[in-house]
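Dear colleague,

Please find below the structure that I am handing over to you.

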There are 2 protein chains.
Amino acid sequence: MTVRALVFDVFGTLVDWRTGIAAALARSGVVGDPEELADAWRMGFLLATQEVVRGDRPWANVDALHAATLDALLDVSPEERGRLVAAWHRLDPWPDVPSGLEALRSQRVVATLSNGHIAMLVDMTRHAGLRFDALLSAELAQTYKADPAVYSLAPRYLGLEPHEVMLVACHPLDLAGARAAGLRSAYVDRPLEHGPGSPVRADPDADIRAVDLHDLAAQVGNA
Amino acid sequence: MTVRALVFDVFGTLVDWRTGIAAALARSGVVGDPEELADAWRMGFLLATQEVVRGDRPWANVDALHAATLDALLDVSPEERGRLVAAWHRLDPWPDVPSGLEALRSQRVVATLSNGHIAMLVDMTRHAGLRFDALLSAELAQTYKADPAVYSLAPRYLGLEPHEVMLVACHPLDLAGARAAGLRSAYVDRPLEHGPGSPVRADPDADIRAVDLHDLAAQVGNA
């Protein structure tokens with residue numbers, strides 16, 4: 001296996017969006033359970049991205065989709081909407097991520113491959129102290145995952161063959177999209193992405209299955 | 001002055017291409033003075049980029065333009081051409097750059113804004129140990145400096161107004177291109193870019209004039 005670059009999903013795989021967004025919603029004083037609202041907002045956002053992929057909605061960046069889908073969920077002031085949309089730029093990483101990513105960067109080229117637009121990823125990586133060799137974003141293809149155009153950005157801009165690039169993600173649909181574009185895939189388990197007790201996921205088709213980024217570094221290092 | 005991001009020219013401003021390429025040419029055993037050949041190759045490459053900007057040549061990345069312009073200059077084997085083209089991916093930074101860039105990154109968002117394609121910038125920043133928040137490249141606009149489309153990449157992908165972005169470069173034409181696109185400009189003196197004793201440059205129109213990146217950090221920090 002000649003993987004020369006690892007590209008990472010960000011939301012869920014590297015950062016804990018649910019805890020951060022629930023906390024932001026709780027601070028904003030909106031009516032309702034903050035974690036349920038965070039889940040509903042995330043679901044509304046993901047549905048909006050799929051409308052973009054199908055061509056039923058014009059492309060707009062994640063901030064714009066977050067603002068529109070929040071408005072469909074809650075009645076908030078423009079100022080509060082702005083604060084809540086901005087909360088998605090400053091989410092905390094899972095505990096293994098900063099040091100695990102450094103271990104992986106010592107072995108291979110590492111880049112994001114995220115739905116998040118580049119300005120959002122700049123804020124996130126500065127907030128979380130994460131170091132990537134490059135930020136690649138679905139913004140560069142003006143669509144969203146799992147549009148094949150997103151995955152093809154990685155080999156194109158990293159100057160590699162698709163099979164030399166491995167997507168790291170905790171979402172089977174994302175990994176399947178990568179494989180459909182000829183990339184390799186590594187499934188990382190994030191059992192707390194949707195909170196304690198949420199259904200167990202797995203991806204039997206992934207090239208690698210890892211419990212965290214340190215486990216991934218050990219497996220990639222041996223590969 | 002509300003500069004929120006600094007974007008950097010790379011070749012000449014951050015890395016010493018002439019010393020590195022002359023050394024690679026000397027190692028390759030080609031006939032001729034290595035430094036004069038390095039200068040001639042650089043000039044041939046820059047002229048090729050201007051053909052792209054004028055629409056007289058289809059866009060191709062820097063590796064392809066380096067290969068074509070080397071072939072116009074020297075008769076080398078494909079293997080030697082490959083080694084010499086690759087030498088442009090692994091150039092050493094000027095001595096102030098690694099620590100000066102870190103000082104600037106603690107103050108502002110920092111990104112490249114280079115003619116180099118993203119894969120080339122990944123190699124260069126890994127080789128030189130330089131940390132950027134994002135790699136922006138003329139590749140994303142499929143043209144070259146000083147095409148206005150290159151400069152507009154920076155505010156677009158960093159989510160800023162043009163006047164919130166400052167280009168850092170040692171080339172007055174590059175800085176003039178940035179200003180024409182509404183960006184701010186910082187001239188950094190690199191008196192050795194073209195070797196000892198080369199003509200003195202300056203840019204009286206730049207917002208900041210600095211002798212190196214530490215000087216720039218002091219001036220930006222006070223601004």
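**A residue in a loop of chain B**

With 14 C-beta neighbours inside 10 Å, Gln142(B) counts as partly exposed. Please keep in mind that this is a predicted model. Gln142(B) is placed in the loop between S3 and H7 of chain B. Its phi is near 55°, a positive value in a residue other than glycine. As background, most residues other than glycine have a negative phi, and most peptide bonds are trans.

Chain B has a further point of interest in its backbone. The peptide bond from Lys145(B) to Ala146(B) is cis, with omega near 5°. Ala146(B) lies in the loop between strand S3 (134–137) and helix H7 (148–158) of chain B.

**The corresponding loop of chain A**

In chain A, Gln142(A) has a positive phi of about 50° although it is not a glycine. Gln142(A) is located in the loop between S3 and H7 of chain A. Is Gln142(A) buried, exposed or partly exposed? It is partly exposed, because 14 other C-beta atoms lie within 10 Å, and a buried residue would need 20 or more.

The peptide bond that joins Lys145(A) to Ala146(A) is cis, with omega near 5°. Ala146(A) is found in the loop between S3 and H7 of chain A.

**Where the two chains touch**

The contact takes 13 residues from chain A and 13 residues from chain B. On the side of chain A that touches chain B, the elements that give two or more residues are helix H6 (118–128), strand S3 (134–137) and helix H7 (148–158) of chain A. Of these, H6(A) gives the most, with 5 residues. By class, this side of chain A has 8 nonpolar, 2 polar and 3 charged residues.

**Helix H5 in chain A**

Helix H5 (residues 97–105) of chain A packs with helix H9 (residues 213–222) of chain A at an angle of about 15°, and their axes are 8 Å apart. H5(A) is therefore roughly parallel to H9(A). The crossing in which H5(A) passes H9(A) is left-handed. H5(A) makes the contact through Val97(A), Gly100(A), Leu101(A), Ala103(A) and Leu104(A), and H9(A) through Leu213(A), His214(A), Leu216(A), Ala217(A) and Val220(A). The residues of this contact divide into 8 nonpolar, 2 polar and no charged.

**Helix H5 in chain B**

Which residues of helix H5 (residues 97–105) of chain B are buried? They are Val97(B), Gly100(B), Leu101(B) and Leu104(B). Seen down the axis of H5(B), these buried residues fall within an arc of 100°, so they line one face of the helix.

**Helices H1 and H4 in chain B**

Helix H1 (residues 17–28) and helix H4 (residues 78–87) of chain B pack at an angle of about 160°, with 9 Å between their axes. H1(B) is therefore roughly antiparallel to H4(B). H1(B) passes H4(B) in a right-handed crossing. The residues in contact are Gly20(B), Ile21(B), Ala24(B), Leu25(B) and Ser28(B) of H1(B), together with Glu80(B), Arg83(B), Leu84(B) and Ala87(B) of H4(B). They divide into 5 nonpolar, 2 polar and 2 charged.

Yours sincerely

Technical notes: Residues numbered from 1 in each chain as written. Chains lettered and ligands numbered in written order. Predicted model: local features only at pLDDT ≥ 70, side-chain atom pairs only at ≥ 80, totals over all residues. Axes fitted to C-alpha atoms, helices over the stretch in contact; angles between N-to-C directions. Helix = DSSP H or I, 4+ residues; strand = E, 2+ residues; numbered from the N terminus. Parallel < 35°, antiparallel > 145°, perpendicular 65-115°, else oblique. Left-handed = near helix turned anticlockwise from the far one by under 90°. Contact = placed C-beta atoms within 7 Å. Nonpolar A, V, L, I, M, F, W, Y, C, P; charged D, E, K, R; others polar. Buried ≥ 20, exposed ≤ 12 C-beta atoms within 10 Å, placed from the backbone. Arc of directions from axis to C-beta.
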